[in-house]
Amino acid sequence: MSKSTGPFRFFNRAGFQTHIISLRTSGLPLAKSGLAVGLRRNPIFRDITFACLVGFASYLTALLGGALALRPQMIWPLWPGCAFLVAILLLTPQRIWPLLIVSGLAGFVIYDLQDALPIRSIVLLVASDLIEILVAAFGVKYALGQRPRLSSLASLATYAFFAVVLAPSLAACVGAAAFSYNYISSWKMSFLTEALALLSVTPAMLSWAHAIRANKSLSYYLELGMLVIWLNVVGYFTFLSSGASNDLTVLYLPVPFLLWAALRFGILGVSSSLIIVAFFSISAAIHQRGPFAGGAPRFDDLRTLQLFFFTASSSFMVLAALMEEHQQSLRESRESEQRFRLVANTAPVMIWMSGPDKLCTYFNLPWLEFSGRPLEAELGNGWSERVHPQDLTDCLDISARAFDLRESFRKQYRLRRHDGEYRWVVDIGVPRLSPEGLFAGFIGSCIDVTESKLAEEALGGMGRRLIEAHEEERTWIARELHDDINQRIALLTVQLKQWAQHPPSSEANVRKHIGSVCEQLADLGRDVQALSHRLHSSKLEYLGIGVAAGSFCKELSEQQKVVIDFGYAGIPNNLPKEISLSMFRVLQEALQNAIKHSGERRFKVELSGTSAQIQLTVKDLGVGFDPQDAFNHRGIGLISMRERLQLVGGELSIQSEPGHGTTINACVPLRAEAHRAHAAG
């Protein structure tokens with residue numbers, strides 16, 4: 001806290017401008033010289049250069065502080081030196097703090113020596129400044145981190161504790177001893193002098209540094225410029241103009257602009273505005289103008305000025321912090337809402353939200369695309385207009401009960417799509433709470449489950465049809481065994497018993513009876529073999545798909561009295577067993593279905609193979625059918641064929657139209673690797 005007790009010396013304005021011009025004009029050759037390269041490549045040289053600039057700037061702030069001093073009493077309403085250096089430390093890496101502190105204090109000492117301050121006073125003031133700078137910088141950095149932002153009431157309170165209260169209090173204990181005034185009065189003055197600067201200058205520098213990094217818009221700076229212009233105009237007429245009144249009510253004139261600064265620009269606007277107001281008010285007090293130039297002694301006038309400025313600064317800084325906190329909350333809320341809407345609109349589900357009044361307030365883009373209606377038509381209870389009439393009552397009752405109980409729900413109903421088709425959806429809703437923990441409504445999602453519901457129904461129907469098919473197969477086998485095979489065996493047994501009771505009278509009759517028995521036994525053997533082939537073909541296992549398929553076609557044509565033209569070619573000898581079995585079962589199912597449903601008596605079967613695939617074609621010129629309808633309703637045989645082929649990586653295609661016959665194609669690729677699944681026999 002370098003305050004001179006000697007006569008005030010104004011700095012040479014022309015010399016200062018000349019030095020600044022020399023720095024600016026020397027910048028271009030410096031950027032092209034080896035010195036610029038050295039600054040980039042040599043961190044030590046760069047740090048020393050920066051420290052020199054900080055020392056020079058500290059010297060200038062000391063000059064500015066001297067310009068704001070009341071002379072000859074040497075009273076400083078506000079001292080910006082330490083506040084400037086604290087801001088510099090908080091904006092730079094901690095490793096160069098010692099260098100910056102030394103250079104900054106050196107700038108203060110140089111100014112004090114120029115004003116012929118006693119050595120004792122210089123030592124005490126340097127110690128006071130050092131204590132203040134270290135306590136404020138380390139305390140704020142420890143609590144808020146490097147480059148702190150005073151964007152909330154909590155951060156402002158933390159900053160104020162270390163920088164505005166603790167650091168000036170400790171520094172004033174040492175600095176007050178440097179003056180010849182009463183120690184208590186000097187302590188109060190020193191404390192307010194440093195606290196006011198740390199409450200305005202340091203936050204302004206930190207806020208401007210953040211604003212520059214944040215790349216604010218041009219309109220932001222234009223509005224801020226208008227605020228500064230108007231505040232300068234009002235400050236001049238309030239404090240410095242020849243007609244400035246000493247009535248304290250004029251202090252309310254800057255208030256609207258300080259409110260503008262707090263509401264629109266937060267800490268940056270308020271701290272910058274306070275510096276402007278401080279400059280005008282202190283200058284007016286020094287020159288005995290404005291509301292702080294009354295009949296009281298000038299010392300008391302400045303004390304009143306400090307108390308006013310400290311109270312106003314604290315109030316508006318708190319207001320600014322609250323506004324920044326509120327704006328940050330709004331930004332986070334908007335960002336959160338934008339993220340939610342982005343996620344919701346790209347999610348593969350339909351999302352909705354409702355308020356506590358049970359009326360829907362939001363639907364995402366997939367919902368609107370599903371409905372084909374604008375958002376306004378869906379809001380409230382508009383969405384329920386598209387619920388199937390048979391499901392509407394239950395749907396609304398479930399929602400109302402869940403709302404009343406504040407509990408999650410799950411419901412399933414039919415919802416009309418934009419093309420008029422009703423689709424099954426699963427709707428899941430959960431309560432949502434406000435940040436205060438209050439019930440804010442529900443949020444839910446809908447998934448179109450029509451395909452899975454149809455698949456579930458089809459799977460249930462297929463299971464039922466499989467059981468029916470198995471029962472039919474068992475019934476057929478039982479009927480064949482009981483009504484045919486068993487009856488013929490019983491008849492043969494009766495004949496043999498009769499022959500045993502009444503043996504033939506001649507050798508010729510014996511031979512005749514034995515021949516008859518042999519013929520009946522042979523028929524029984526053939527029928528049992530046919531029944532066995534239907535269940536499992538041994539020819540397929542030992543002779544291959546070609547021979548087994550031909551044998552099956554021949555036996556079936558004889559049994560059903562139909563004509564089956566069969567041909568095969570190019571079947572590999574090493575065809576995997578699971579592929580052979582799948583193709584054979586497909587052939588059995590296709591031919592039996594064709595004989596049963598086509599109304600035709602002539603069929604064509606072709607079995608062909610290559611090194612890449614094996615293909616089966618079953619064709620008839622019968623009545624035909626709708627393949628999709630058969631798959632959906634009664635086509636257990638078609639489903640069985642398709643699933644058998646899928647097990648071996650094959651495909652089933654059906655070409656059929658009512659009245660134009662049917663062609664069934666089964667194609668299986670031949671892969672080198674072993675198949676993972678095996679077709680059931």
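**Note on the predicted model**

1. Asparagine 215 is exposed, with a relative accessible area of 65%; buried means under 20% relative accessible area, exposed over 50% and partly exposed in between, with a 1.4 Å probe and protein chains only. Asparagine 215 sits in the loop between α9 (183-214) and α10 (218-240). Helices are DSSP runs of H or I with at least four residues, strands are runs of E with at least two, and both are numbered from the N terminus. The phi of asparagine 215 is near 55°, a positive value in a residue other than glycine. Most residues other than glycine have a negative phi.

2. Basis of the values. The model is predicted, with local features requiring pLDDT of at least 70 and side-chain atom pairs counting only at pLDDT 80 or more, while totals for chains, interfaces and linings use all residues. Residues are numbered from 1 along each chain as its sequence is written, and side-chain values use heavy atoms, leaving out hydrogens and water.

3. Arginine 406 is partly exposed, with a relative accessible area of 45%.

4. The chain as a whole. The protein chain has 22 helices and 10 strands. Of its 681 residues, 43% count as buried. The accessible surface is about 35,900 Å², 61% of it belonging to carbon and sulfur atoms; the areas come from the Shrake-Rupley method with a 1.4 Å probe, and for residues only the protein chains shown count as cover. Among contacts with a separation of 6 or more, 66% are between residues 24 or more positions apart, where contact means heavy atoms within 4.5 Å.

5. Helix α8. This helix covers residues 153-175 and bends by about 40° at alanine 160. The bend is the angle between axes fitted to the seven residues ending at a residue and the seven starting there. Buried residues in α8 include Ser155, Leu156, Tyr159, Phe162 and Ala163. Pro168 and Gly175 are also among the buried residues of α8.

6. The antiparallel sheet. Five strands form an open sheet in the order β2-β1-β5-β4-β3, with antiparallel pairing; two strands pair if DSSP finds at least two bridges between them. The edge strands, β2 (360-363) and β3 (409-416), each pair on one side only. Neighbouring strands are turned by 25° against each other on average, direction ignored. Axes are lines fitted to C-alpha atoms, for helices over the stretch in contact, and angles run from 0 to 180 degrees between N-to-C directions. Strands β4 (residues 422-433) and β5 (residues 439-448) are joined by 9 bridges, and arginine 432 stands opposite glycine 441 in β5. Helix α15 (residues 389-405) packs on this sheet, touching β1 (350-354), β3, β4 and β5, and its direction makes about 150° with that of β3.

7. The mixed sheet. Another open sheet of 5 strands has the order β6-β7-β8-β10-β9, with mixed pairing. β6 (563-569) and β9 (651-656) have a single partner strand each, so one side of each is left without a neighbour in the sheet.

8. Strand β7 and its partners. β6 and β7 pair in the parallel sense over 7 bridges, with aspartate 565 opposite lysine 604 in β7. On β8, the bridge partner of lysine 604 is lysine 619, and that of phenylalanine 603 is aspartate 620. β7 (residues 602-609) and β8 (residues 613-620) run antiparallel, joined by 7 bridges, and form a hairpin with 3 residues between them. The covered face of β7 carries Phe603, Val605, Leu607 and Gly609, and the uncovered face carries Arg602, Lys604, Glu606 and Ser608. In a regular strand the side chains alternate between the two faces of the sheet.

9. Helix α19 (residues 545-560) lies across β6 and β7, at about 175° to β6. Helix α20 (residues 577-597) touches β6, β7, β8 and β10 (662-669), and its direction makes about 5° with that of β8. Within α20, serine 582 is buried, with a relative accessible area of 0%. The C-alpha atoms of serine 582 and leucine 645 are separated by 6.4 Å, although these residues are 63 residues apart along the chain.

10. A point to check by eye. β6, α20 and β7 make a left-handed β-α-β unit. A crossover is right-handed if, with the strands pointing away from the viewer, the path from the first strand over the helix to the second runs clockwise.
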